Amino acid sequence: MANLGKMSQHGTKKRKLDRSTEDYMYFDSYSDVTIHEEMIADTVRTNTYRMGIFKNSKSIEGKVVLDVGAGTGVLSLFCAQAGARKVYAVEASSIADQAVRIVKLNQMEDRIEVIKATLETIELAEQVDVIVSEWMGYALLHESMLNSVIFARDKWLKPGGLILPCRADLYIAPINDLVVEGRLNFWSTVKGQYGVDMSCMTDFARKCIMNKDITVNPVTVEDVLSHPCKFAELDLNTVTLEQLKDVRGVFSCQCFGSSSIHALCVWFTVTFPAEEKALVLSTSPFKPETHWKQAVLYLDDAVDVMQDTKVDGEISLYPSEENSRHICIRVDYVIGEQKKHSKTFSIPDQYLEVK
């Protein structure tokens with residue numbers, strides 16, 4: 001973890017943000033239409049939530065629901081459509097004003113109450129039967145609202161109540177990145193094109209591209225070099241705030257064939273309970289793309305591998321010291337016969353510093 005006052009790569013001191021500043025920056029980011037357009041337009045996300053809610057209509061009909069981080073109120077409306085007697089739609093950002101209008105437009109104001117406040121400061125008139133929330137962030141935990149969901153569970157959910165979704169799983173796999181490979185090889189082609197040797201730029205380019213940033217990009221199936229390995233599972237009925245301070249696990253993968261590993265790729269799934277078959281919302285590169293894409297963690301150097309080369313390691317996700325809503329990811333890994341390597345990744349500095 002970074003120390004307080006540590007100089008960033010840009011030469012400016014990082015400052016630990018107080019919680020009120022963290023919250024302001026977080027909720028302010030949800031005040032613009034763009035992020036809500038992106039989420040609603042993500043049909044995998046929105047349809048899976050709709051199906052997950054309707055598949056649990058027997059547990060929702062006539063019951064009280066708490067929507068944590070309601071945004072535009074779409075999940076609250078799904079719950080009302082599924083028969084909820086009362087829905088408390090809690091949203092701290094100014095988008096709550098639009099949620100009020102949307103609820104009224106859909107003639108649900110008698111059943112959905114929009115509360116413009118942080119979850120931790122509200123008072124409800126009753127305990128709730130169901131908690132629904134779309135709390136996940138990049139790599140599951142970056143800027144996620146899981147802490148608020150846990151708070152809501154412990155304070156407002158009736159014993160034996162339902163949480164939608166009820167579980168989250170984290171996965172990892174090594175990947176090849178042909179785009180990065182092409183960018184690194186580019187500098188060796190300059191002499192042939194212009195008569196100027198710029199091959200010495202390759203090392204500099206590698207440091208710039210294969211850095212310590214958590215990169216959010218879509219990964220194609222063809223680039224994944226092994227079967228996915230699940231390294232952590234969070235049961236939303238039992239997970240604690242203390243456990244979220246260090247979500248860790250081990251992984252062991254075997255490569256499919258001869259290639260180069262440029263990075264490790266992290267993604268997640270969340271699961272909705274159902275009577276017959278559980279419903280899974282997946283951000284896997286093997287599934288249709290979502291707005292979460294995948295979290296890509298670049299190694300310092302590409303490593304050539306062959307069929308059945310093992311990639312073993314341990315991975316840990318924990319809050320940044322500069323902003324507790326942002327995550328850091330530390331990976332200790334061994335590829336084949338190489339020695340053990342360690343690397344810590346974080347959200348780029350421009351997102352950590354006070355604007």
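Guide: The chain contains 11 helices and 15 strands, where helices (H or I, at least four residues) and strands (E, at least two) are DSSP runs numbered from the N terminus. This is a predicted model, in which local features need pLDDT of at least 70, side-chain atom pairs count only at pLDDT 80 or more, and totals for chains, interfaces and linings use all residues. Residues are numbered from 1 along each chain as its sequence is written, and side-chain values use heavy atoms, with hydrogens and water left out.

Five strands form an open sheet in the order S3-S2-S1-S4-S5, with parallel pairing; two strands pair if DSSP finds at least two bridges between them. At the edges stand strand S3 (112-115) and strand S5 (157-164), each pairing on one side only. From one strand to the next, the twist averages 20 degrees. Axes here are lines fitted to C-alpha atoms, for helices over the stretch in contact, and angles run from 0 to 180 degrees between N-to-C directions.

Within this sheet, strand S1 (residues 64-68) and strand S2 (residues 86-90) are joined in the parallel sense over five bridges. Val64 has Lys86 as its bridge partner in S2. In general, strands of a sheet pair through backbone hydrogen bonds, either parallel or antiparallel.

Helix H7 (residues 146-156) lies across S1, strand S4 (128-132) and S5, contact meaning heavy atoms within 4.5 Å. The helix H7 runs at about 150 degrees to S5.
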